[in-house]
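Okay, thanks everyone for coming.

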Amino acid sequence: MASPVGRRLRDGPPVVVILVGPPGVGKGTQGGLLAEATGSRHIATGDLLRAAMRDGIDLGREAQEFMSRGELVPDQLMVGLVRDVVEKMDRDVGAVLDGFPRTVGQAEALEGVLFELDRKADLVVVLEADDDVIVKRMAGRRSCGQCGAVYNVHCSRPKQDGICDQCGGVLTLRPDDDPVTVRNRIEVFRRETTPLIGYFDESPTPVHRVQADQSVADVQCALWEVVGG
Ligand code: AP5
């Protein structure tokens, strides 16, 4: 049976869904699929930061040192970035927030931005998987340096090895996907983002957990079960 948010996603006013989970759990993959299926905007802060780095703008330069160590970019930079994007969004369009917020401070700031726009977060989905699944996925991930498309040597290969199907760009391991940085990113998730999940659990916003150590299609079904009904 369709959940209230699910019905609204298809038939009603636009909703805001927040995806939370450790690095490599599949937030980007599922966020993209969900946004496409619902006509929502996919707001992935990691992608926005990497685009800022590619474009050589100040934000990218400031973020680079944190990202290369697997640390979080400071809240004030992240909140400014997301505020810009959310404020420019058409009011008739929903949003899938992927990788934001990651701290309680970011969640409080987001609440304020949405409140000013007479909007709110409608649903939080926490994607969960064991560390060994995550580490394997990130070791297998290959990303296009040109358009940001994501592949995986284990389950989602490009038609031609090392070449992006979408733009012909070269596929590489993301700089922060080396094993040492990955371990640090998992630690940072535990330290900084686990309290955020507790914060959401105590908030009026519904929180659902989805087991993400299944195939992409099975995770998509489980996600749709809670989001799309
Ligand atoms: P970001 O890019 O958001 O990295 P992340 O959270 O660490 O997440 P990932 O992009 O690594 O993984 P994902 O969960 O999206 O998984 P994906 O779908 O790609 O952020 C990077 C950095 O930016 C942060 O470390 C931080 O420095 C900074 N940053 C970003 N947001 C910030 C914020 N709000 N505050 C402060 N700093 C911030 O999947 C991974 C791989 O697995 C892919 O190859 C995919 O094809 C494959 N895969 C996906 N699903 C499955 C499946 N079900 N089965 C098998 N393979 C799968």
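This is a predicted model: local features need pLDDT of at least 70, side-chain atom pairs count only at pLDDT 80 or more; totals for chains, interfaces and linings use all residues.

Residues are numbered from 1 along each chain as its sequence is written, and side-chain values use heavy atoms, with hydrogens and water left out.

Helices (H or I, at least four residues) and strands (E, at least two) are DSSP runs, numbered from the N terminus, and two strands pair if DSSP finds at least two bridges between them. What we've got is an open sheet of five strands with parallel pairing, in the order β2-β3-β1-β4-β8. At the edges sit β2 (41-44) and β8 (207-211), each pairing on one side only. On average, neighbouring strands are turned by 20° against each other, direction ignored; axes here are lines fitted to C-alpha atoms, for helices over the stretch in contact, and angles run from 0 to 180 degrees between N-to-C directions.

So, who faces whom? β2 and β3 run parallel, joined by four bridges, and Arg41 stands opposite Ala95 in β3. β1 and β3 are also parallel, with four bridges, and there Ile18 stands opposite Leu97. Over at β4 (residues 123-128), the parallel pairing with β8 covers five bridges, and Val126 stands opposite Arg209 in β8.

Now β3. In a regular strand the side chains alternate between the two faces of the sheet. In β3 both faces are covered: Ala95 and Leu97 are buried on one side, Val96 and Asp98 on the other. Helix α3 (residues 45-54) lies across β2 and β3, at about 70° to β2.

Last bit, the cores. A nonpolar core is a set of buried Ala, Val, Leu, Ile, Met, Phe, Trp, Tyr and Cys residues joined through side-chain atoms within 4.5 Å. The largest has 32 residues, and among those touching the most other members are Ile18, Val20 and Phe200. Its largest share, seven residues, comes from α5. There's also a second, separate core of 21 residues, including Val96 and Leu123.

Note on methods. Contact means heavy atoms within 4.5 Å. Buried means under 20% relative accessible area, exposed over 50%, partly exposed in between (1.4 Å probe, protein chains only).
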